[in-house]
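Hello,

Here is the structure I promised to hand over. Have a look at it, and then read on for some notes on its charged side chains.

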Amino acid sequence: METVGGDAPLVFSEKNACPDCGLSFDELKPRSFSFNSPFGACPECGGLGSIYYFDEDLVVPDKTLPLRECIHPWRRAGHMAIMYYNEILARIARQYKVKLETPYEKLPASFRHKLMHGFDDDLVLPWRKEDKPFAGVLDSVKRMMENAESDERREKFEAYQSYRPCPACHGSRLKPESRAVTVAGKTIVEVMAMPVKDSLAFFKGIQARAVDDPDGLGKALEPVKDVLKEIVKRLGFLNDVGLDYLTLDRSSSSLSGGEMQRIRLASQIGSGLVGVLYVLDEPTIGLHPRDNEKLIAMLRELRDRGNTVVVVEHDAEMMRTADWIVDLGPGAGREGGRVMYQGPWDGLLKAGTLTADYLNGRKSIAAYAASEARPAGKRPAGNGKFLTISGCTEHNLKNITVRIPLGTFTVVTGVSGSGKSTLIDETLKRELMRRLYHAKAAPGKFRSLKGVENIDKVIEIDQSPIGRTPRSNPATYVGFFSDIRELFAKTEGAKARGYGPGRFSFNVKGGRCETCGGDGVRKLEMSFLPDVYVTCEQCGGRRFNKETLEVKYGGKSIAEVLDMTVAEAYDFFAKVPRLAAKLKTLVDVGLGYIGLGQSATTLSGGEAQRIKLATELSRRSTGRTLYLLDEPTTGLHFDDVAKLMRLLLKLREGGNTVVVIEHNVDVMKCADWIIDLGPGGGDAGGNLVCEGPPETIRRCKESLTGRFL
């Protein structure tokens, strides 16, 4: 097209092509902005946003070793390969005048870089037809993985890999042309990197500009005004459930269970359905008391639309706002299963149930927990030593320095998204695991960690299952099943038949039922449906064969013993001190109702966690152990929380250090030291608001936690 008075014609292309640089691209469609589509995904990383690479820190995990021994994958190769790589190292050492006995960390930095990434000079090796540069250790490990003959061997080399942002898309996961498109001056990458509250303000701003300028921007947005309205509405729902701090590009794998549940809740509210029964299980997981009000308001909105909302919950505030409460009990397991009360909140307070005792103040978690572990009102100061981590900057942490007094019970708290898990799980725990156990997971960014020499081991006690198959059970996990088998092997009936302890194991051939392999159940594969387990028709679920079940101890067969509850077994084996001591730890943690042989797949997360705690209590304490727990009160009743606190304080009384990420106010009252992060979530968090005993937190005006304490 030529313009009047113009110097040169203007060239336009219907094929989205530039006549000067030759760049062209396909017509832009919604799929062009999706990294799950090949039309929008970055061709370098395939839309993942990150690429795997061989990490020098993993290939050389111990940099204090001499050059001849420090390259880990070379030392794990076959005999001939080790000789080959030894000769290469020897030639490199001679050619570049370094000693094989020199520790890797003391070698010149330039030499270390070339050793890993390749030399420019030819490397003379006697068996080569021609001399050529050595491509580097990392390249050699890459070729070893590519030439691996089995998946198992290939997985071993994958252990030397880490991932980093894709150099082509810088982690955005989209093609360059998709990243170049802007709306109101922002690219889709910039919008996705915004927290929910900022992106909500951004799209509301576009709506406002469209109203103010109906002929210009308003006319341009006319075809998508309904889409824009839907975006604002859905972002508003996420904001209302307390997820205003989440960025839109946040990986779902990094979200907590509570965050995932609230995202699903927001999507249901946005659907606008009526006459639906919603069932929520512990929706307050991971929520600070400040955020409970927002969640309760959203549940009320669902109810007011004509839906029915059923919540399984132990939170007192949630109970207070409920229209109807059903209290089950009186105990757990075989001791429960009865309706103790049903009705409104006021009636529950007058009921004589265990739940009512804690709600109306007749019982207190803090008082119960302190009654045995320490006299009320006295707070231990620890051993005077600290574990100090400085300069933490991972994710939203703002260069904070945190002190954890050793020999105390410390609670890390703050609103959702304030940086608690980033500080404890991703930074502190990973660095301790790396130093004490040579773990390969890279910790978050920090400057220094002092005081590690004062602890000898780190134990994480989470709510993951103690086993994933029917043969896993509390007796095998805690370790007293071997004691029970030895008792049966010493009976007259076992000696007469020549049975040893292995005869009474359902994991070993001989005494177990071979039809079900000692599982007691048989698995039926249902092709496209989940597997179904049915009781074994041969042994009737007892796991053992007829001959083994004929041997009795105290009138009970091995199958009958495994059918006992922990409390029944404690009474039955009272005269066996070693066995009774281990069973007592399970009774003390409030698990007297579970069966000795109960399948691990039927245990809740809270039950699995308390079994792990009981196992730790049954071991001899070193007094220098660091225990880490994340939200241990999830799924626990007030009485269970009280028992949990007694256990944790008992670990502390042994000189150990217990660090807990928690929002439960009653747990905070039991703490010796509180680390409060915030004041908000996301970009508004990541600061150390205050630290110290609960009394100090209560006096801190900037602390939201202090207000609830």
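Helices here are DSSP runs of H or I with at least four residues, strands are E runs of at least two, and both are numbered from the N terminus. The two side chains form a salt bridge, with the closest N and O atoms 2.7 Å apart; the term stands for a side-chain nitrogen of Lys or Arg within 4 Å of a carboxyl oxygen of Asp or Glu. Asp151 is exposed at 55% relative accessibility, while Arg154 is partly exposed at 27%. For these classes, buried means under 20% relative accessible area, exposed over 50%, and partly exposed in between (1.4 Å probe, protein chains only).

Before the rest, a word on the model. It is predicted, so to speak of a local feature takes pLDDT of at least 70 and side-chain atom pairs count only at pLDDT 80 or more, whereas totals for chains, interfaces and linings use all residues. Residues are numbered from 1 along each chain as its sequence is written, and side-chain values use heavy atoms, leaving out hydrogens and water.

By the salt-bridge rule, the count comes to 30. Which residue pairs with Lys582? That partner is Asp483, and the closest N and O atoms of the bridge are 3.3 Å apart. The pair links distant parts of the chain, 99 residues apart: Asp483 belongs to helix 21 (residues 481-489) and Lys582 to helix 26 (residues 577-588). Asp483 is buried, at 8% relative accessibility, and Lys582 is buried too, at 16%.

Arg305 and Glu301 form another salt bridge, their closest N and O atoms being 3.1 Å apart. Arg305 is partly exposed at 30%, and Glu301 is partly exposed at 29%. There is also a network of salt bridges that links Glu87, Arg91 and Arg94.

Finally, Asp120, Asp121, Asp122, Glu130 and Asp131 form a negative surface patch. Patch members have over 30% relative accessible area and no salt bridge, with like charges joined within 9 Å; Asp and Glu count as negative, and the place of a charge is CG of Asp or CD of Glu. Areas come from the Shrake-Rupley method with a 1.4 Å probe. One of the five, Asp131, lies in the loop between strand 2 (122-123) and strand 3 (132-133) and is partly exposed at 37%.

Best wishes

Key. Patch = residues over 30% accessible without salt bridge, like charges linked within 9 Å, V, L, I, M, F, W, Y side chains within 5 Å.
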